[in-house]
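User: I would like to learn how to read some features of a structure. Please take them one at a time, with the general idea ahead of the case.

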Amino acid sequence: MKKVITYGTYDLFHDGHRRLLQRAKDLGDYLIVGVTTEAYDEMRGKLNVKQSLIDRIKQIQDSGLADEIIIEEYEGQKINDIQKYNIDIFAIGSDWINRFDYLKDYCSVVYLDRTKGISSTDLRNLEGILKIGIVGTGRIAKRFVPEARFVSGIDIVGAYSRNSTNCKKFVSHFELSLAAKNYNELLSSVDAVYIATPHLTHKQLALEAIRQGKHVLCEKPITLNTHCLLELIEEAKQHNVVLLEAIKTAFCPAFNRLVAYAKSGIIGDIKAVDATFTKLTNGNFRELQAEHGGGSFYELGSYPLLAILKLLGKEHCDIRMLQYKPNESEVETYSRIDIIYPHGIGSAKTGLGVKSEGDLIISGTKGYIYVPAPWWKTEYFEVRFEDTNKNRKFFYKFEGDGLRYELAYFSNMIRNKNPQAYQLTTDESKWICSIMESSYKNKCIIK
């Protein structure tokens, strides 16, 4: 008898799940299905699971496809299960291709291709599933799709790009259903869009989506102009849709705990926040092109500004900015901005093609908090004091590229009909936008 085993969360069981299980069953004579626990899902970064373990197991039972159901509780269990149940074939969806090649030492490994359109067609009619379309097919969009599979209750339907060839390649690579010929075709097929295009295109794309009643998750900065952002916020309110800026750090569990610790008084009164984000970039990239709103501060500034805002607040009294530009025709490649408060100073440093230690230091009257690079993907921080015996270290999980956290939060806002995100409010987005706008009016350029 040939035994096959497969695993999954199987939240909101749909026909895509059913067909995958059927294909796994067809590989042998006896199918064992492993259903993950809530704790294991959380540990491996699977977010937003809606149904209980009992409900998910019952759905597998009701499908009639499993000869046996087991529970997956921990990392590494698959090897033990394969040996324990004398498994001949391990089967999993092609989303995980190459991820489980290490199991070939124990049995055959088969990656099952998705039948394009099958899952999405049924999901469109399934209550509780959020259909999302991607606008833009560049680097961040390519990271977004794999991250989305860790957020239960959503379906990435398709994509739209001004470059139709790139769009078709993107859709084919990620096995999506729709390569939209135009923006309206994408909007008519989804509940929400994720906008990942150059900064200067954000406003119009977001506006069109909002006016058609679609929720919008837009890469940062949403706009470079406060007036434009206020217009989008007002339109979203009138059309009763969610508009959320995709600053992933704002939704990172560890970053939020860091802020809570700092503001609890553990290091006394916060007097300074120093945040740095730089990366080495050269070539013909959008970030270095003025016509696309390039420059280190526009590209990276949202992250250090977020830290300053969360820790020192919005009531600043002055802004000073220094920028380095290779020449007059190019964008700035390094910026330093000092935001002056009555009670402290926030300093943000950004660089493209200029590398520095990307850490975050929060200085207080009793001690300080140190977050090593890359602090915008916070996993670890230290609370340090004059007496080093009192120092404390904190460790938290940060899964993947972090995009799953903002996506999970975005989908929950929609389901709960809550247009305001306390982890990143519209007022906070307005403040970040206003700092970006006003800082350029008060800048000193070094050539």
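User: Which residues of H10 are buried?

Analyst: This is a predicted model, where local features need pLDDT of at least 70, side-chain atom pairs count only at pLDDT 80 or more, and totals for chains, interfaces and linings use all residues. Residues are numbered from 1 along each chain as its sequence is written, and side-chain values use heavy atoms, with hydrogens and water left out. An α-helix has 3.6 residues a turn, so residues three or four places apart point the same way. Helices (H or I, at least four residues) and strands (E, at least two) are DSSP runs, numbered from the N terminus. Buried means under 20% relative accessible area, exposed over 50%, partly exposed in between (1.4 Å probe, protein chains only). In H10, Thr 226, Cys 228, Leu 229, Leu 232, Ile 233, Glu 235 and Ala 236 are buried.

User: What do the buried residues of H10 pack against?

Analyst: Contact means heavy atoms within 4.5 Å. The partners are helix H9 (202–211), strand E11 (243–246) and helix H15 (426–439).

User: What lies at the start of H10, and what follows the helix?

Analyst: At the start, a side-chain oxygen of Asn 225 comes to within 2.9 Å of the backbone nitrogen of His 227. After H10 comes Asn 240, with a positive phi near 55°.

User: How should I read the order of strands in the open sheet of five?

Analyst: Strands of a sheet pair through backbone hydrogen bonds, either parallel or antiparallel. Two strands pair here if DSSP finds at least two bridges between them. The order is E3-E2-E1-E4-E5, and the pairing is parallel. Strand E3 (68–72) and strand E5 (108–112) are the edges, each pairing on one side only.

User: Which residue of E4 stands opposite Ile 5?

Analyst: Phe 90 does. Strand E1 (residues 3–8) and strand E4 (residues 89–93) run parallel and are joined by two bridges.

User: How many disulfides does the structure hold?

Analyst: A disulfide is a covalent bond between the sulfur atoms of two cysteines. The test is a pair of cysteine sulfur atoms within 2.5 Å. The structure holds zero. Cys 107 counts as buried because its relative accessibility is 10%, and Cys 252, at 0%, counts as buried too.

Conventions. Polar contact = N/O pair within 3.5 Å; in protein donor to acceptor, adjacent residues only side chain to side chain.
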